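Here's a quick briefing to read alongside the structure. Have a look around first, then come back for the points below.

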Amino acid sequence: MRRYIARQLVQLVVVIIGISILAFVILHVLGDPVLLLLPQNAGKEEFERYRKLLGLDQPIWFQYWKFASHAIQGDFGKSWYADTPAFGLVLERMPPTIYLTLAGFFVALLIALPLGILSALKQHSFVDNLCTGVAVAGQAMPIFWLGIMLIIIFAVRLRALPASGYGTWQHFVMPAFCLGAALAPITMRLVRSGVIEVMNMEYIKTARAKGVDERMVVVKHAFRNACIPVITVLGLQFGQLLGGAIITETVFAWPGVATLTVESIRNQDFPVVQCAVVLLALIIVTANVIVDLVVGLIDPRIRVST
Amino acid sequence: MRLKWGVAAAAVMLVIVTSALLAPWIAPHDPLAVNIRHRLAPPAWMEGGELRHLLGTDQIGRDLLARVIYGGRISLVIGVSAVMLSATIGVLLGLAAGYFGGRVDWTIMTAVNVLLTFPFVLLALAVIAVLGASLTNMIIVLGVAGWPIYARVIRAETMAIRERDFVMAGRALGMSHGRIIFRQILPNLVSPIVVIATLQVAQVIVLESFLSFLGLGIQPPTPAWGNMLGEGRVYMLNSWWIAAFPGLAIFVTTLAINLMGNALRDWLDPHMKL
């Protein structure tokens, strides 16, 4: 187990370094900050002065080193727009994003678990076909369009829910459903195939043979074991979930990191964009490592094989 | 069963592709023609709708049907070009990683892991923010960001094929690495490549629409499904159709491509795990 943890941590560090390089490259190699900062009619000396001021005349590896060593201490520079540290701005917007992600995750499980189990137990029945059909359609549904259609129906027509904003539980209903609906189809299919596979195992037959109640067989024996692949894949889907949250936020004007990122892109406020990208990526990577560890804990076969 | 759905989906796709190709001839109006007197006209079947504008008009009186048909061109061009780009990069790197192994493999797979942990959306947003939005930039960004999935699958397949007898035989006969990779291994990987590429086209179309929806992709007045949806959002209080139809177009296209991809996978290789 210790070796398994060590290997996970090494991988974590490598991926984080990779992400920081990516974030650095996007701003400093693809784009030229000076070109973005100064007005177009600025003179040549002006450019040179700014380049020196920002340390852009130094070799590229040194610039990266400066960026990375500051970033580790939470210093991503000042926002060009608001003139406050980018880190604080992003951190402030983090809670709504995390709440939305968790709420969406919860909704997805609420839809996917019962339907997935039901489909698996009644394989190839009408219910199963219906669920699979809805799942295939659901996977093709663009989240932002679903969000807008929900707003048109529930906020504009029925006036039942607020169209956008943040604060009360009513504000959570549509965004959480929207995000949950996006993740539910794949989760449902995973639960379904997981349960089907487990139901054919010897130990299920044994449990049945010794006369265990069918409900107990499903809940205690089948479901627990079917959870392992579901947890693994869901954990790895966390990045996608956060990506979905980004899309959902922009549709419902949710005051989270994604809305901030899009605003900052519009304002060309790159320190904030950079900081948001790195922090979001950090959360995803950490979540992935935690999932790997949890799965390794539940299922000893995994920590040996990989 | 799935095959039947796949054929139906292929037929739908054929209609979408043909209408996009023949847009100038079949579109009922010029997609850019403004007619302020007919602005916000509802679809033909609703009260106040006219047959001239089957799906109604937008906020400055442009015909929605024409714009949806033309919008398909943008989506399909970006979808197909970006996928060709990412498939090329991903397949080459996947072959290299799987065939050579060792340090090459480690480097490529680390890059794959880094890119896969990043949400695709976030990466695309960040890069577009710096490069600026244009058709070419969209294709490059979506193409370059999409390669890891190919690399991962192709690497695994290559590693399995590398151990097979015909590769051994090729090596014993003194074939070069390049010849073994492209003449012996690659032809065996056509099925997974085709399946992933098909499914990826749908992903790219959705992502492109989202970027355009945010105003960071294809810029108005050029009709793209995404920016039509974004513009329509402002008018959803009274004129729901402006946002509804472009979104429906994205949904139907994505669904058709997914169904086609699934059927293709079952048909080419039922054991394929993607």
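Among contacts in chain A between residues at least 6 apart in sequence, what share join residues at least 24 apart? For chain A that share comes to 72%. Keep in mind as you read that this is a predicted model. Its two chains, A and B, meet at a contact that takes 42 residues from chain A and 40 residues from chain B.

**Chain A at a glance**

- Chain A is built with 15 helices and zero strands.
- Its C-alpha atoms fill a box of roughly 85 × 60 × 30 Å along the principal axes.
- Of the 306 residues in chain A, 46% are buried.
- The accessible surface of chain A is about 15,800 Å², and 66% of that belongs to carbon and sulfur atoms.
- On the charge side, chain A carries 24 positive and 18 negative side chains, with the centres of the two sets 10 Å apart.

**Chain B at a glance**

- Chain B has 12 helices and zero strands, so if you read its elements from the N terminus on, you get α every time.
- The C-alpha trace of chain B spans about 75 × 45 × 30 Å along its principal axes.
- Chain B has 274 residues, and 55% of them count as buried.
- Take the contacts in chain B with a separation of 6 or more: residues 24 or more positions apart account for 72% of them.
- Chain B exposes about 12,300 Å², with carbon and sulfur atoms supplying 67% of it.
- There are 19 positive and 13 negative side chains in chain B, and the centres of the two sets lie 7 Å apart.

**Where the chains meet**

- About 3,700 Å² is buried between chain A and chain B, and carbon and sulfur atoms give 82% of that area.
- Which three residues supply more than any others of the area that chain A buries against chain B? They are F144(A), W145(A) and I265(A), which together supply 16% of it.
- A126(B), which sits in helix 5 (residues 120–131) of chain B, touches I26(A) and V277(A).
- A126(B) counts as buried because its relative accessibility is 5%, which is under the 20% cut-off.
- Between A126(B) and Y235(B) there are 109 residues in sequence and 28 Å in space, C-alpha to C-alpha.

**Aromatic pairs**

- A search of the whole structure turns up 14 aromatic pairs over all chains.
- One of them brings F172(A) and W254(A) together: their ring centres are 4.9 Å apart and their planes are at 80 degrees, so the pair is edge-to-face.
- F172(A) lies in helix 9 (residues 169–199) of chain A, while W254(A) is in the loop between helix 12 (238–252) and helix 13 (257–266), so the pair ties together parts that are 82 residues apart in sequence.
- Are these two residues buried or exposed? F172(A) is partly exposed at 22% relative accessible area, while W254(A) is buried at 0%.
- Over in chain B, the rings of W240(B) and W241(B) have centres 5.8 Å apart and planes at 80 degrees, so this pair is edge-to-face too.
- W240(B) counts as partly exposed at 23% relative accessibility, and W241(B) is buried at 5%.
- Back in chain A, one aromatic cluster is formed by F24(A), Y64(A), F67(A), F76(A) and F87(A).

- Most residues other than glycine have a negative phi, and most peptide bonds are trans.
- H124(A) is not a glycine, yet it has a positive phi of about 65 degrees.
- You'll find H124(A) in the loop between helix 6 (94–121) and helix 7 (126–140) of chain A, and it is exposed, with 60% relative accessibility.
- A253(A) isn't a glycine either, and its phi is positive at about 50 degrees.
- A253(A) is found in the loop between helix 12 and helix 13 of chain A, where it is partly exposed with a relative accessible area of 43%.
- In chain B, a cis peptide bond joins P220(B) and P221(B), with omega at about 5 degrees.
- P221(B) has its place in the loop between helix 10 (190–213) and helix 11 (225–233) of chain B.

Technical notes: Residues are numbered from 1 along each chain as its sequence is written. Chains are lettered from A and ligands numbered from 1 in the order in which they are written. This is a predicted model: local features need pLDDT of at least 70, side-chain atom pairs count only at pLDDT 80 or more; totals for chains, interfaces and linings use all residues. Side-chain values use heavy atoms; hydrogens and water are left out. Rings of Phe, Tyr and Trp (its six-membered ring) pair if their centres lie within 6.5 Å; planes under 30 degrees apart count as stacked, over 60 as edge-to-face and the rest as tilted. Helices (H or I, at least four residues) and strands (E, at least two) are DSSP runs, numbered from the N terminus. Buried means under 20% relative accessible area, exposed over 50%, partly exposed in between (1.4 Å probe, protein chains only). Contact means heavy atoms within 4.5 Å. Accessible areas come from the Shrake-Rupley method with a 1.4 Å probe; for residues, only the protein chains shown count as cover. Lys and Arg count as positive and Asp and Glu as negative; His and the chain ends are not counted. The place of a charge is taken as NZ of Lys, CZ of Arg, CG of Asp or CD of Glu. Buried area is the accessible area (1.4 Å probe) that two parts lose on being put together, summed over both. Lists of a residue's contacts leave out its neighbours within four places in sequence.
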